[in-house]
Amino acid sequence: MKKIYACAILALTLSISAFSQQTERCGHARFMAEMEQKHPGYGEYRKQLDEEIARVAREGVQREDGETYRIPVVFHVVYRNDEQNVPDEKLFEQIDILNRDYGRLNEDTVNTRQEFLPVAASTGIEFYFAEWDPQGNPTNGITRTETSTNSFWLSMTEMKSTADGGKDAWDVNQYLNIWVCNMAIPILNTPFILGFATPPNGAPNWPDGSAAEQPQYDGVVLHYEVVGSIDNPDQTFASISKGRTATHEVGHYLGLRHIWGDGDCTEDDGLSDTPEAAEAQQQTCDYSTNTCTDAANDLPDQIENYMDYTDENCMNMFTQQQTAAMRYVVENFRAGLLLSNSVVRNELEKIRIYPNPTDGLLNVKQEKQQDSNSISVYSTDGRKIMDVLANNTSIDVSMLLPGIYFLKVNQNSTHQFLKFIKN
Ligand SMILES: [Ca+2]
Ligand SMILES: [Ca+2]
Ligand SMILES: [Zn+2]
């Protein structure tokens, strides 16, 4: 896979795919190989990072009681046609799936086998649509970009670059960027790859020359057909119909390795509560799988784990050590995610609007009344709906349809946005 760009290999890949109908489940190995080629030393850097994460996880760093890490997400939908322009509802569903899986609120936790129940964990990590864009404007956390690119199957960066037919990231330190695009093999029209993610970035031992190119490519990419669940999946999608490509890829984004360690029984993911495995579960649900014999307490392969390649119908858990590892990554390498939207919120406390939700009248109370105020109402997709007279502190919004809106309050040279709900 390393020389995927060579024409001979390309032709070979096409023919293999045609015969086996095999879709690459996750592009992690491909990503690592590409990064190693561009930035020699990347693999070594990753290994050090992995070892540090594994150490923390093994030592059992506990979740601080009650503290939930909330991560703002922006979806960048890059589409060539209507089908690829995945509707909002699918994206809403995808966030719900992430929250259920990461919170161990998924319905199928009942399928976790007895021997793994003691280590199955809720991660205490939640995901929500970004409420503010990088310029401080209100947003629904979704961007849509039309492209002339038929398929992004051969590139791991073009979908992340406006100049290359994709969409530039929002500040990768403040948002989890998830690109949704077509990665099907042309002509065959089957997905070449379902998704891939970049592992955490930002440690001081990042190789020279990588910083300028790499940071804005940080995030997760999903093939558009596996966003959200698939109701009546055909054969191609039968084992990947639960929207769990995102669960798996976000796991990589938060530092997790595949549970088989991308190698045989001598390689592992550094975590002791995921039993060693010799290879990926091949998109099936075979509970008898036991590819490695552990010395003391031999357990079957943990096919329930989101970081395997199991049929998504049988995936249902993260472990305690995976939880510790991901939380460590959030705290040490992706802490900006926790700060970004809260900074804006603190600013907003200087202005109060009430009642909220409102049936008709919205009162605006400012700590310091400004002379040069102007107030406008915006929809969640950033359209201005109405202007309000500058000194008006009671706004009639009775004509608005029920829903979520933003009030933009200009104060001299700055402005603030406040969210309100119209019943
Ligand atoms: Ca393990
Ligand atoms: Ca075993
Ligand atoms: Zn993977």
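**An aspartate and a calcium site**

Q: In which loop does aspartate 269 lie?
A: This is a predicted model in which local features need pLDDT of at least 70, side-chain atom pairs count only at pLDDT 80 or more, and totals for chains, interfaces and linings use all residues. Residues are numbered from 1 along each chain as its sequence is written, and side-chain values use heavy atoms, leaving out hydrogens and water. With helices (H or I, at least four residues) and strands (E, at least two) taken as DSSP runs numbered from the N terminus, aspartate 269 lies in the loop between α5 (244-253) and β8 (318-319).

Q: Is aspartate 269 buried or exposed?
A: Buried means under 20% relative accessible area, exposed over 50%, and partly exposed in between, with a 1.4 Å probe and protein chains only. Because its relative accessibility is 9%, aspartate 269 counts as buried.

Q: Which side chain makes a polar contact with the side chain of aspartate 269?
A: A polar contact is a pair of N or O atoms within 3.5 Å; within protein, one must be able to donate a hydrogen and the other to accept it, and residues adjacent in sequence count only if both atoms are side-chain atoms. A polar atom of the aspartate 269 side chain lies 3.0 Å from the backbone nitrogen of leucine 271. The side-chain partner, at 2.6 Å, is threonine 274.

Q: Which residues are the protein donors of the calcium ion (ligand 2)?
A: Donors are N, O and S atoms within 2.8 Å of the metal (3.2 Å for Na, K and Ca), and sites may look incomplete because water is not among the atoms. The donor residues are spaced N-x1-C-x5-D-L in sequence. Lying 2.2 to 2.6 Å from the ion, the protein donors are Asn290 (OD1), Cys292 (O), Asp298 (OD) and Leu299 (O).

Methods:
Chains lettered and ligands numbered in written order.
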